[in-house]
Amino acid sequence: MRSVAERRKFIDPKSELSQRTQCRILGIHRSGIYYENRGESELNLELMRLMDLRYNFHPYEGAWRMYDYLTLDEGYEVSFSRVARLYYDVMGLRAINPGPHISKRNKEHKVYPYLLGRLEINRPNQVWATDITYMPMPKGFMYLTAVIDLYSRFVLNWSVSNTMEAQWCADMISEAMTQYGVPEIVNTDQGVQYTSKAFSETVIGSGSKLSMDGKGRATDNAFIERLWRRVKYENVRFSEYTDAPKLIKGMDDYFPKYNKRRHSSLEKKLPFDVYHDGLIGISNQSQS
């Protein structure tokens, strides 16, 4: 089966078939082909770019410290409510240190227990982790989501969208399961996208268990947070992504290369090799 990235290349905006129909035929979700950047005022976009850069180097700073940075250090005359809305609601950021805003969630949604605890992660498809990050654009912004295998650090799937919808996250994880199999556990934070019915039913309905980071466990998603920093340091800041198609193509080029580069945490092995060799090892054990 072709990868999602390969299938996405067959989408033709000029085709007589609607993009919805093309996506259904190819087995990919529409959120990965959104062509319009989200818009905000020029001031808000500038504040968001500054916060995004600041957050990359100071991920422990919450909305109040971002407000101090923007008003006291950068000299912007803006209200805290504006900064907080951009920080939490628009950018989807959260400080990694424990606190009252570890993650913004819907209190009416069910929160699933944290399952990793003292769990020894020793094989592929044992635990996957997923998250969303804000992606600044010259005249707007997009969002990037991805899912990684924690044992191998292998990036299984990714998608770009102009909204942080629960169905987008559910479709992305479903595509990964279709291509790589169902993991034992999917770990997320308590964001509204992940506590939603659409996402939780997708994960649990597949036979996987859903695990959620809780208060006091703010660094549990550290591996995928590190992935976001690498994407932005190594790719986004050196590229001129002026629209969504260019950003999507850039990510389609970046992640396969990321999967085939040596990681010090893997004893200089490649995530691609660690993941697939691990699957072969599991298969050999089951046959013996």
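Tutor: Happy to. Helices (H or I, at least four residues) and strands (E, at least two) are DSSP runs, numbered from the N terminus. Let's start with L150, which sits in the loop between β2 (140-149) and β3 (154-161). This is a predicted model, in which local features need pLDDT of at least 70, side-chain atom pairs count only at pLDDT 80 or more, and totals for chains, interfaces and linings use all residues. Residues are numbered from 1 along each chain as its sequence is written, and side-chain values use heavy atoms, with hydrogens and water left out.

L150 is buried because its relative accessible area is 6%; buried means under 20% relative accessible area, exposed over 50%, and partly exposed in between (1.4 Å probe, protein chains only). Setting aside neighbours within four places in sequence, L150 has L116, I121, V127, A129 and F223 in contact, that is, with heavy atoms within 4.5 Å. The C-alpha atom of L150 is 10.0 Å from that of V186, 36 residues apart along the chain.

Two other loop residues are worth a visit. N125, in the loop between α5 and β1 (127-137), has a positive phi of about 60° although it is not a glycine. Most residues other than glycine have a negative phi. N125 is buried, at 11% relative accessible area. E267, in the loop between α10 and α11 (271-287), also has a positive phi of about 60° without being a glycine, but E267 is exposed, at 65%.

Now for the cores. A nonpolar core is a set of buried Ala, Val, Leu, Ile, Met, Phe, Trp, Tyr and Cys residues joined through side-chain atoms within 4.5 Å. The largest one has 45 residues, of which M51, Y87, W128, L156, I173 and F199 touch the most other members. Helix α6 (residues 166-180) gives the most to this core, 8 residues. V127, met above as a contact of L150, belongs to a second, separate core of 27 residues that also includes I148, V236 and Y254.

Helix α9 (residues 222-234) packs on helix α10 (residues 244-259) at about 120°, with the axes 12 Å apart. Axes here are lines fitted to C-alpha atoms, for helices over the stretch in contact, and angles run from 0 to 180 degrees between N-to-C directions. The two helices are therefore oblique to each other: under 35 degrees counts as roughly parallel, over 145 as roughly antiparallel, 65 to 115 as roughly perpendicular and the rest as oblique. The crossing is right-handed, where right-handed means that the near helix is turned clockwise from the far one by less than a right angle, and left-handed anticlockwise. L227, R230, V231 and E234 of α9 meet M251, Y254, F255 and Y258 of α10. That contact has 6 nonpolar, no polar and 2 charged residues, with Ala, Val, Leu, Ile, Met, Phe, Trp, Tyr, Cys and Pro counted as nonpolar, Asp, Glu, Lys and Arg as charged, and the others, Gly among them, as polar.

Stepping back, the protein has 11 helices and 5 strands, and 49% of its 288 residues count as buried.
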